[in-house]
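Here is a short briefing on one protein model. It covers backbone geometry, sheet pairing and helix packing.

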Amino acid sequence: MHSLVTVCSLYLPPNERINQSDLNNLILQLPPPFVILGDLNGHSPLWGSSDANSRGQKIEQLLADHNLCLLNSDEKTHFHLPTRTFHSVDLAICSPSLLPFYSLTVDNDLYNSDHFPLILTDNRNNPISSFRPPKYVLNAADWQKFTSLANINSDIVKSSTIEEALNYIINIIIEAADNSIPKTSGNRRRQNKPWWNDDCKQAYKKQRKAWDIFRRYPTTLNFIHLKKNQSRFEKNTTTQSQDLLAKICL
């Protein structure tokens, strides 16, 4: 069985003085194993910054003193609007025992925030709901091919024990089916929002395209273009969802 994991959400304001002892005391209060997630406002090349500040150096010291593990790579996690630049200030830190099992990814959409969401995954616990066992698509089967492949040798069956003969027949049938009948992917279909239509889809694509352009070329013109497309997408989805709700309530 997996043990409980302590999750600490932490925010360290950029202009507030943080002593090394404060960080050490925090670690001593957390029951292990633990994960610390948050905006720590520290800069260090260790997690993708071009330089280091005093806060970043304190965090580096914390990692070394307590033998902690950093899950970040060098992905940017924060968009600084005044300068239109990207930074790495949101960190995921964990106990050493969790490092082999946990992975961190950074979402590529701001969702109207200035921080990209951090997605922490426990690779031991893949959700059952995201996968269904593949099934044979019988309507698309090549039955002629199946019949030719499912050739059971009666001599082998007669000369074998009941258990051996049964396993032999099962393996022949499964192998024939695998080579003549397609299977479903096993991935569970995402449940679409009932109000999502082609207009929403197109508005979302335009917003994503504007964001990709701005992320590569963060100019003022591209930023204005991004905000316009985000506004249109929000207006579109709000209108569609409200219209559907009004129809249901009639």
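Asn41 lies in the loop between β2 and α2 (54–65). The model is predicted. In it, Asn41 has a positive phi of about 55°, although Asn41 is not a glycine. Most residues other than glycine have a negative phi.

**Backbone geometry**

- Is Asn41 buried or exposed? Asn41 counts as buried because its relative accessibility is 16%, and the cut-off for buried is under 20%.
- Asn67 also has a positive phi, near 55°, and is a residue other than glycine.
- Asn67 is placed in the loop between α2 and β3.
- The relative accessible area of Asn67 is 54%, so Asn67 is exposed; the cut-off for exposed is over 50%.
- Most peptide bonds are trans.
- The bond that joins Pro32 and Pro33 is cis, with omega at about -5°.
- Pro33 sits in the loop between α1 (20–29) and β2.

**Sheet**

- Four strands make up an open sheet. Their order is β1-β2-β6-β3, and the pairing is mixed.
- Which strands stand at the edges? They are β1 (6–11) and β3 (69–70). Each has a single partner strand, so one side of each is left without a neighbour in the sheet.
- β1 pairs with β2 (residues 34–39) in the parallel sense. Six bridges make up this pairing.
- Within it, Leu10 stands opposite Gly38 in β2.

**Helix packing**

- Two packed helices are described by the angle between their axes and the distance between the axes.
- For α1 and α2, the axes come within 10 Å. They cross at roughly 40°.
- That makes α1 oblique to α2, because angles under 35 degrees count as roughly parallel and 65 to 115 as roughly perpendicular.
- The crossing of α1 past α2 is right-handed.
- Which residues of α1 meet α2? They are Gln20, Leu23, Asn24 and Ile27. On the α2 side, the partners are Lys58, Gln61 and Leu62.
- By class, this contact of α1 with α2 has three nonpolar residues, three polar and one charged.
- Leu23, Ile27 and Leu62 are the nonpolar residues, because Leu and Ile count as nonpolar.
- Lys58 is the charged residue, because Lys counts as charged.

Definitions and conventions
Residues numbered from 1 in each chain as written. Predicted model: local features only at pLDDT ≥ 70, side-chain atom pairs only at ≥ 80, totals over all residues. Heavy atoms only, no water. Pairing = 2+ DSSP bridges. Helix = DSSP H or I, 4+ residues; strand = E, 2+ residues; numbered from the N terminus. Buried < 20%, exposed > 50% of the residue type's maximum accessible area, 1.4 Å probe, protein only. Axes fitted to C-alpha atoms, helices over the stretch in contact; angles between N-to-C directions. Parallel < 35°, antiparallel > 145°, perpendicular 65-115°, else oblique. Left-handed = near helix turned anticlockwise from the far one by under 90°. Contact = heavy atoms within 4.5 Å.
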